[in-house]
Amino acid sequence: MIPKIILGKGGRAIRRLIGYLYGPGSANEHTDPHLVASWNGFAPDPGRSSHHNPKHVEGQLTAQLDQPVKMLGDKAPTTTMWHCPVRAAPGDPILSDAQWADIARRIVAVAGIAPEGDQEACRWVAVRHAEDHIHIAATLVRQDGRRPHRDHDIRAVQREARKIEADFGLRRLNPGDGTAAKRPTSKEHFKAKRQGQDTTTREILRTRVRRAVAAASNETEFFALLEVTGVSVRPKTGPSGDVLGYSVALPGDVNKYGELVWFSGSTLAGDLSLPKIRHRLTDTGPEPVTARSVDPWHQATAATERIPDHLSRSSDHIAQGQLVALGGVLDLLPLTAPADAKGELEQAAAVFERATRSRIMADLDNTRVLRRSIQTILRTPTTTGDGAGLAMLLDAVLIAVAFARHWHRTHQHAQQEAAAQQTLVHLQTAYAHVAVPVLEDLARCAPGLQTKHRYARHLQQIIPKHADRILQDPAWDALSTALADAETAGHNAATLLGQALGQRTFADARNPARTLTWRIHRLGQRHTPSPRAQAAIARSTTRRTAAPIHPSVVTSTTPQSPHVRRR
């Protein structure tokens, strides 16, 4: 059950709304419009007046609804109309008029429009012109001339919707916290359909703005990236000439007057207002570049691997900042992905967007490395190589999103938890398209049996509890190749395994050899430590393997099938 409250201003607001509700709709989608309930139970119904002109009856209905407002004359409030569409969720059973009438009465009661038993409450009607929803229209002056007490009506209506779902056996939707982005309106959906688009202009702009924020190093670059991606930008300036905000539009998306349809950043999403974007760009500005060259895929993977630890051990503010950074990674990854994985990654980014916001203020101070490295990947796409970098990063992202799901669950963020869970599904499919061809190439170059047996003995010594699972994993041959390559580069295989195994538990991983392969691949390309340093690392990692981090949240984070195609 999805209710939404819309307010209208002016003396003609209710007249325009009633005309729309009883009209054909933007795309002739309105069928059999009629009243299912009203404030007095016998309000005139333009849809059921067979002996009168429907337009005349519309005028009667509007006049009766507006009467309390008109009686106040110049003292009438500016906001005169309260409009609440209430829509059943997809898959819900079709409700009868009587059931919708009951729902309407409950909604206006909790909203303060017409409390139960209050004979002097506001006048209202509930109109049904489709199987799956009704529109409640009310005027915001009570019949005794006072204003209705509708403090926090949005939250009250949402709470009642959850109760209605339970009482009527409807699909139970997750309660929100008021931080979700604004949904496209029905008009926007119908307009997109008429234009042959699967996505509304609002959603297209939201995606492009989020990508620009993730890719930009400063405000100037942010606006430049928007224009490069085909977005028209209109800054909002104050009397001093300072830019206070911005609006965006898609060329060709016009209203009936041929004018561009503009959306302010804050109407796309709460975190896309210019002040919020400035805060994000300032707090995550790039760090000075070090003299030593670092593979950005390795750097991004290492930073992503630290997210679970932040979500498990750091403050809520730091954890929220890590989720914002993770969302930025997902926003940009589709731009670096092969065609067969791009669609799933785009859907993952769109869904996870909901999991990046909550009422908790984000501390972005610890997200600079991840932000800088993913921007470097975007600017130097040739570093993707044979797909190992993307596969390695996706493996870390899968684990991070699983921890994000767990974090939201512990904080009772139901919508964000559901978004993280849905993100995992898309990521698993994308990962399958990217990772296995790389693993298969590595497996074809596996070392001889004697070398593999030596690696197996290392595993049995370092992690005896899970050694058999790793050795039976389909990616074992790929792992042995990664170890052999690392040895060729001068690393000690046992030491490297100790380091990799000390970074996360494998108690619930479905493909532990695969994750180990990416870790060894990354560690093996680092500068080779001296023998004394290798001995110190070995002692340290041996101790760490006995202290895994939260294995429960990693369950079901990796795809079950290893069959994919090359990127």
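Strands β5 and β6 run antiparallel and are joined by 6 bridges. The model is predicted, so local features need pLDDT of at least 70 and side-chain atom pairs count only at pLDDT 80 or more, while totals for chains, interfaces and linings use all residues. Residues are numbered from 1 along each chain as its sequence is written, and side-chain values use heavy atoms, with hydrogens and water left out. Helices (H or I, at least four residues) and strands (E, at least two) are DSSP runs, numbered from the N terminus.

**Around β5**

- Strands count as paired if DSSP finds at least two bridges between them.
- A126 has I136 in β6 as its bridge partner.
- A hairpin is formed by β5 and β6, with 2 residues between them.
- Strand β3 (residues 34-38) pairs with β5 in the antiparallel sense over 4 bridges, and S38 stands opposite V125 in β5.
- Of the 9 residues of β5, 9 are buried (under 20% relative accessible area; exposed is over 50% and partly exposed in between, with a 1.4 Å probe and protein chains only).

**The open sheet**

- An open sheet holds 3 strands in the order β7-β8-β9, with antiparallel pairing.
- β7 (232-237) and β9 (263-264) are at its edges with a single partner strand each, so one side of each has no neighbour in the sheet.
- β7 is joined to strand β8 (residues 243-249) by 6 bridges, and S232 has A249 in β8 as its bridge partner.

**Helix α2**

- Helix α2 (residues 54-72) has 19 residues and reaches 28 Å from its first C-alpha to its last, close to the 27 Å expected at 1.5 Å a residue (1.5 Å times one less than the number of residues).
- At D66 the helix α2 bends by about 55°, and the proline P68 follows within four residues; the bend is the angle between axes fitted to the seven residues ending there and the seven starting there.
- Buried residues of α2 include V57, L61, L65 and D66.
- The cover over the buried residues of α2 includes α1 (13-21), β4 (79-87), β5 (122-130) and β6 (133-142).
- A side-chain oxygen of N53 comes to within 2.9 Å of the backbone nitrogen of K55 at the start of α2.
- G73 follows α2 and has a positive phi, near 60°.

**Cysteines**

- There are 0 disulfides in the structure (pairs of cysteine sulfur atoms within 2.5 Å).
- C84 counts as buried at 0% relative accessibility, whereas C445 counts as exposed at 56%.

Key
Contact means heavy atoms within 4.5 Å. A polar contact is a pair of N or O atoms within 3.5 Å; within protein, one must be able to donate a hydrogen and the other to accept it, and residues adjacent in sequence count only if both atoms are side-chain atoms.
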